[in-house]
Amino acid sequence: FSVLKDKLPSIFDNVIEGSQRINNIVSELREFTVEHPSEHTESIQINNVVQTALTLLSNLIKKSTDRFTTLYAEELPFITGNYQRLEQVVINLVQNACQALSDKKERIEIKTQYIKEQGIITLTVQDEGVGIPDDHLNRVTDLFFTTKRDKGGTGLGLAISSKIVIEHGGRLNVLNSHPKGAKVIVELPLDQ
């Protein structure tokens with residue numbers, strides 16, 4: 001008992017932490033499997049979605065990089081969709097970018113753009129982090145696929161983000177950025 005007595009608080013902390021992690025995974029899986037009907041749509045200005053998400057992530061961003069920039073396109077047309085779901089996409093992408101950095105001098109850039117000829121709004125999240133091995137690029141949006149399992153990755157963030165973007169009639173593209181890092185481009189159509 002004397003040996004166990006000293007280790008008991010640490011054991012309980014680990015049990016609580018593990019339980020919270022399991023709870024988060026179950027919540028994310030529930031969210032992944034729920035269909036979000038199209039009647040829950042509204043007119044959305046994507047710059048507002050990005051700004052709200054960045055406000056929520058401000059502490060993580062400050063801890064991760066000294067070089068965070070945003071380039072908002074002016075006078076973007078509105079899209080139809082679910083504000084909260086799109087906000088979740090931005091949060092997932094920015095969290096991934098922050099986790100990919102190994103030094104506060106590495107950069108993250110968020111950019112919105114309207115491509116009139118294609119009738120799409122794009123959101124680009126680009127980082128100067130570790131990048132993604134080329135042989136993993138086509139799998140990063142697969143459910144449970146992660147390159148960060150040793151750091152607590154579940155393989156749900158990009159899978160959920162991709163599903164949300166597809167629900168909005170769009171596409172999520174993940175690329176390696178040169179000379180280093182990764183770039184995620186979300187394309188959202190004006191008309192669904």
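The following questions and answers concern a predicted model of one protein chain.

In this predicted model, local features need pLDDT of at least 70 and side-chain atom pairs count only at pLDDT 80 or more, while totals for chains, interfaces and linings use all residues. Residues are numbered from 1 along each chain as its sequence is written, and side-chain values use heavy atoms, with hydrogens and water left out.

Me: How many helices and strands does the secondary structure of the chain come to?
Reply: Helices (H or I, at least four residues) and strands (E, at least two) are DSSP runs, numbered from the N terminus. From that end, the elements run α-β-α-α-β-β-α-β-β-α-β-β. The secondary structure comes to 5 helices and 7 strands.

Me: What share of the 192 residues in the chain is buried?
Reply: A residue is buried under 20% relative accessible area, exposed over 50%, and partly exposed in between (1.4 Å probe, protein chains only). Among the buried residues are Leu86, Val90 and Ala97 of helix 4. In the chain of 192 residues, the buried share is 42%.

Me: What distance does helix 4 reach from its first C-alpha to its last?
Reply: Helix 4 covers residues 83-100, which is 18 residues. The expected span of a helix is 1.5 Å times one less than its number of residues. For helix 4 this expectation is 26 Å, and the reach in the model is close to it, at 26 Å.

Me: Is strand 7 largely enclosed or largely open, and how many of its 8 residues are buried?
Reply: Strand 7 covers residues 182-189. It is largely enclosed by the rest of the structure, because the number of buried residues among its 8 is 7.

Me: Which residue stands opposite Ile185 in strand 7?
Reply: Two strands pair if DSSP finds at least two bridges between them. Strand 7 pairs with strand 5 (residues 120-127) in the antiparallel sense over 7 bridges. Strand 7 is also joined by 6 bridges to strand 6 (residues 171-176), again antiparallel, and there Leu175 stands opposite Lys183. The residue opposite Ile185 is Thr124.
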